[in-house]
Each structure stands twice: as structure tokens, then as C-alpha cells.
Amino acid sequence: MTKSAVKLIRLTGFSFMLVIVSVSSAWALPGVDAVTVITAPNGGQTYTVTIQILALMTILTVLPSILLTMTSFTRIMIVLGLLRQAIGTAQAPSNQVLLGLSLFLTVFIMMPVFEKVNVQAVQPYLEEKIDAVTAIEKASVPFRQFMMKQTREADLEMFMRISGQQDFETVDDVPFSLLLPAFVTSELKTAFQIGFLIFLPFLVIDLVVASVLMSMGMMMLSPMIISLPFKIMLFVLADGWSLVLEMLAASFYV
């Protein structure tokens, strides 16, 4: 087996193990080796993928959802969906466009975190300077810092109260089993707050158009038909897409 193939197998195993450990609080438990290295008497080495890889691959279906909920994707996707609903354009932009835009904007926002994970955990692990357990512990630190910065204390305290946990001395003592749901809850609240502010100018246009139509006696004419062109014109003239995307990116660094 070539050296590149070995690195690819190790990287895949590391990714699977990161997901498993991130959703549990038992960070001190020994890890599971994804690849077994056997040294021959002549000094050569052979790499055998163990049966444990098969068990790790069973979580592949939940890997995207876990990774997306640990990043800025949730807030971005909800805000863009509410923006489309506020404009009233139904399926324009389509779900595929919003999903792709949210994904690439997430990569842009999370790039500092990904770079820290790559430098502190992935590269040392691929170079066999640290083991898988140490790499997972180092990789969790940047994600923990990002998530804690965006998590409201009230949401974290709520899940601590539900689970019966006591106050933790430091941030590092908070397990991912509490931090992850608190982070997602905070992201939902923030996304709907931003969506409410985005709705207001479009709501004003709908009210004005509805009042004009009512005063003219055109009660049978839907206000949406008249207000839609004005809302699109207002959004385009105000360079709305740039403002919304800039605001979303800046909201994670305030």
C-alpha cells in the first residue's frame, strides 16, 4: 500500500473518530485505532484496516448533520430562507442555490477554525507525531472556542439544569453533549432575530400596497402581485444580497 493511500486511510479514520468523540463527554477514554501497523522482522511495515473501520462507517449518514450543526451553517441557511419568504419570490432562489450559498459562506466564516484544526491536529496526526486521541482533543479546542463564543449563557444553563449537571469551573469542562444542543438553540434564536429585522421593510411595503388597493376599492386584487415588483426593486437597489451576506459574516466576529 502506498504512503498516500495510508495517509488517506488515517485521515478518514480520524474524521470518523472526531464525530464519535465530539458527541460524547468521555474524552478521557482510550480511542479506537482505525489502522493497525504491523512491523515485519526485516523492518518493513504493513497497514491493515481493522474491523472497527466498518463500525465507524455506519455513522457516515449522520456525519453531515453533526458537522453542520457545529458550524455557522444553521444560522445562514435559516436567515436566507426567511429572506426569500419575506421577499415573496416562492422558489427563487431555489433551495439548491440557497444550500450552496450557505455552504460556501460557512466555509468562508469557519476557515480560521479549520486552519487551526489542520495545523494543531490533522497535520501532526498525518505525520504520525501524535496519536488519534490526542489529535481529537486538539481538534476539539478550536470548535469549542467558536461554539462557546456564539452560545448564550441562558441556553447553556438550561441544558445544564435539564441534565442535572452542576456549574463547571472552566469552559473546557463543559462536555459536547451539553455544548452542542445549547449552541444550536442559540443559533436558532439568533437566526430568527435577524430574520425578524429583515422582514420589517418588506412588511411595510406590503402594508402600504394593501392600504392603497383598499382605498381604491380593489379588494379582489391580491396585494402580493403589486408589492412583489416593488420589494424586488428595493432589494436590488439597496444591494441587499451584499448587505445580508456581509451582516451574516460579521455577526460571527462581533
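Helices here are DSSP runs of H or I with at least four residues, numbered from the N terminus. Gly 81 lies in helix 4. This is a predicted model: local features need pLDDT of at least 70, side-chain atom pairs count only at pLDDT 80 or more, and totals for chains, interfaces and linings use all residues. Residues are numbered from 1 along each chain as its sequence is written, and side-chain values use heavy atoms, with hydrogens and water left out.

**Around helix 4**
- Ser 72 sits in the loop between helix 3 (63-69) and helix 4 (73-87).
- Ser 72 has a relative accessible area of 0%, so it is buried (under 20%; exposed is over 50%, partly exposed in between; 1.4 Å probe, protein chains only).
- Leaving aside residues up to four places away in sequence, Ser 72 touches Thr 106, Ile 109, Met 110, Phe 146, Glu 187 and Phe 252 (contact means heavy atoms within 4.5 Å).
- Gly 81 is partly exposed, because its relative accessibility is 25%.

**Helix 5**
- Phe 114 belongs to helix 5 (residues 95-126).
- Its relative accessibility is 31%, so Phe 114 counts as partly exposed.

**Helix 8**
- Helix 8 (residues 176-215) has 40 residues and should span 58 Å at 1.5 Å a residue (1.5 Å times one less than the number of residues).
- Its end C-alpha atoms are 57 Å apart, which agrees.
- Helix 8 bends by about 30 degrees at Leu 200, and Pro 201 follows within four residues (the bend is the angle between axes fitted to the seven residues ending there and the seven starting there).
- Gly 217 follows helix 8, with a positive phi near 80 degrees.

Definitions and conventions
Helices (H or I, at least four residues) and strands (E, at least two) are DSSP runs, numbered from the N terminus.
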